[in-house]
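The points are grouped by topic.

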Amino acid sequence: MNTDNELLARTRAGDHQAFAELIDRYKARIFHTTLRILGNREDAEEAGQDTFLRAYRGLESFREEATFSTWIYRICVNTCLNLLESRKRFKAQKIESTPAAELPYIESPELGFADEDLRERILAVIETLPVKYRTVLVLFHVQHLAYQEIVEIVQLPMSSVKTHLFRARAMLRERLLDKIPHEELVA
Amino acid sequence: MNCKKFRLQIDGLEGRQNAWQLPSGLQAHLDACPACRAHFQIQQRLLAALDNDPAPALPPDFTAKILVRLEPMAASGRVKSGFSWRRAAFYSGCAFLIATALWLGFRNFDLNTAQQHLAQWLDSIQAGLAAVGATEFVQTSLRLLAKIFSFLPTTGDFLERSFGKETLPQAFNLIMILLLTYLVAKASVLIESWVRQVSRRSS
């Protein structure tokens with residue numbers, strides 16, 4: 001199996017198929033990330049495609065001191081932020097909070113929330129988190145990246161990444177508990 | 001341990017699902033306090049749901065759509081190797097111009113006179129610092145600096161005696177230009193990378 005760097009070298013040499021292999025290798029992770037950050041499939045698809053296009057255009061500037069994985073995630077996160085900004089959903093005032101009260105309240109039919117229901121609720125709440133918290137939360141918990149990788153992707157100090165993650169979890173929990181009775185969340 | 005402190009520590013645990021390693025103090029409180037046990041269970045449940053978020057189904061023809069959009073770029077040959085001759089030539093040209101300008105500006109630079117001026121300047125600073133009662137450390141540092149500068153002309157004399165008075169200036173100037181060219185080119189690359197980083201952060 002070719003390494004990422006081998007595929008990159010072949011792409012730079014003009015091998016179109018090598019880049020297609022790179023897309024196939026990363027598309028699931030990139031789409032998953034864009035979907036969780038942006039919250040809808042149309043935007044996520046657009047951001048996912050743009051990520052790979054920007055990577056292709058930027059191959060010249062890619063220095064192999066970083067891994068391709070970190071680099072493509074960084075492009076992905078920046079693309080999502082740009083898209084949010086262009087849709088006027090990334091305003092400074094809105095970064096800090098979207099009121100949890102705007103979330104619909106779903107009555108749980110029986111005591112004990114099914115995992116699938118819980119996940120759906122969590123994903124809905126994630127969309128309301130400030131984008132800087134959402135991004136770190138998605139990279140850490142959904143993409144299972146290491147702290148150091150997240151530091152390189154979001155280009156923030158380690159302490160800020162940890163703080164964002166802590167606040168994201170706390171906010172997520174607080175907003176969920178506003179909508180789901182406490183006892184239903186206790187298994 | 002009180003409940004508030006316990007919950008703060010629980011919320012700060014960095015583990016993912018199944019990677020919770022509670023310190024013994026926390027475990028003891030957890031066993032004794034039902035409310036905190038519930039808090040911990042909720043935390044675990046939330047994070048487990050996040051950690052196990054399944055990858056969504058990809059949109060149909062995802063790769064194919066990207067490749068179609070790539071076609072025009074690939075046709076125009078926009079992918080290049082990491083090294084760009086055009087950029088290298090641009091930086092080298094700029095660096096050469098700046099280095100030449102610096103050389104023209106400093107070619108009549110007289111090290112001895114400059115050293116004398118510097119020594120006078122340092123003396124006056126030292127006198128001023130002594131007047132306002134600066135520490136001995138500062139004054140000693142300045143005296144050391146003055147000694148270093150007074151040594152430089154001696155080095156110049158040694159080089160002139162070794163390599164000949166006529167050949168040294170040209171060779172020295174050439175070396176200086178090459179060195180400055182390298183430094184300016186290197187600085188340009190660093191500045192460019194810094195500007196890119198700043199613009200990326202601001203975006």
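In this predicted model, A:Arg36 and B:Asp53 are both buried. These two residues form a salt bridge, with their closest N and O atoms 2.5 Å apart. The bridge crosses between chains: A:Arg36 lies in helix α2 of chain A, and B:Asp53 lies in the loop between α3 (34-51) and α4 (62-75) of chain B. The points below set this pair in the context of the interface, the other salt bridges and the nonpolar cores.

**The interface of chain A and chain B**

- Contact between the two chains involves 59 residues of chain A and 48 residues of chain B.
- Together the chains bury about 5100 Å², and 59% of this area is on carbon and sulfur atoms.
- Of the area that chain A buries against chain B, 14% is supplied by A:Glu60, A:Arg169 and A:Arg173, more than by any other three residues.
- The rule finds three salt bridges across this interface.
- It also finds 13 residue pairs in polar contact across the interface of chain A and chain B, counting pairs with both residues at pLDDT 80 or more.
- Several helices of chain A each supply at least two residues of the side that touches chain B, among them α1, α4 (68-86), α6 (115-126) and α9 (158-179).
- The largest share of that side, eleven residues, comes from α2 of chain A.
- By class, the side of chain A that touches chain B has 29 nonpolar, 18 charged and twelve polar residues.

**A further salt bridge between the chains**

- B:Lys65 and A:Glu45 form a salt bridge in which the closest N and O atoms are 2.9 Å apart.
- This pair also crosses between chains, with B:Lys65 in helix α4 of chain B and A:Glu45 in helix α3 (residues 41-57) of chain A.
- B:Lys65 has a relative accessibility of 35% and therefore counts as partly exposed.
- A:Glu45 counts as buried because its relative accessibility is 17%, which is below the 20% limit for that class.

**Salt bridges within chain A**

- A search of the whole structure finds seven salt bridges over all chains.
- One salt bridge joins the side chains of A:Arg10 and A:Glu21, at 3.8 Å from N to O.
- This pair links distant parts of the chain, since A:Arg10 belongs to helix α1 (residues 4-12) and A:Glu21 to helix α2 (residues 16-38), eleven residues apart.
- A:Arg10 counts as partly exposed because its relative accessibility is 29%.
- A:Glu21, at 28% relative accessibility, likewise counts as partly exposed.
- A:Arg10, A:Asp15 and A:Glu21 are joined into one network by salt bridges that share partners.

**Nonpolar cores**

- The largest nonpolar core has 69 residues.
- The residues with the most contacts inside this core include A:Phe52, A:Phe68, A:Ile122 and A:Leu137 from chain A, and B:Leu50 and B:Leu70 from chain B.
- Leaving aside neighbours within four places in sequence, A:Phe52 is in contact with residues of chain A including A:Phe19, A:Leu22, A:Tyr26 and A:Ile72.
- The contacts of A:Phe52 also include B:Phe62 and B:Ile66 of chain B.
- A second, separate core has nine residues, among them B:Ile10, B:Leu26, B:Cys36 and B:Phe40.

Definitions and conventions:
Residues are numbered from 1 along each chain as its sequence is written. Chains are lettered from A and ligands numbered from 1 in the order in which they are written. This is a predicted model: local features need pLDDT of at least 70, side-chain atom pairs count only at pLDDT 80 or more; totals for chains, interfaces and linings use all residues. Side-chain values use heavy atoms; hydrogens and water are left out. A nonpolar core is a set of buried Ala, Val, Leu, Ile, Met, Phe, Trp, Tyr and Cys residues joined through side-chain atoms within 4.5 Å. Buried means under 20% relative accessible area, exposed over 50%, partly exposed in between (1.4 Å probe, protein chains only). Contact means heavy atoms within 4.5 Å. A salt bridge is a side-chain nitrogen of Lys or Arg within 4 Å of a carboxyl oxygen of Asp or Glu. Helices (H or I, at least four residues) and strands (E, at least two) are DSSP runs, numbered from the N terminus. Buried area is the accessible area (1.4 Å probe) that two parts lose on being put together, summed over both. A polar contact is a pair of N or O atoms within 3.5 Å; within protein, one must be able to donate a hydrogen and the other to accept it, and residues adjacent in sequence count only if both atoms are side-chain atoms. Ala, Val, Leu, Ile, Met, Phe, Trp, Tyr, Cys and Pro count as nonpolar, Asp, Glu, Lys and Arg as charged, and the others, Gly among them, as polar.
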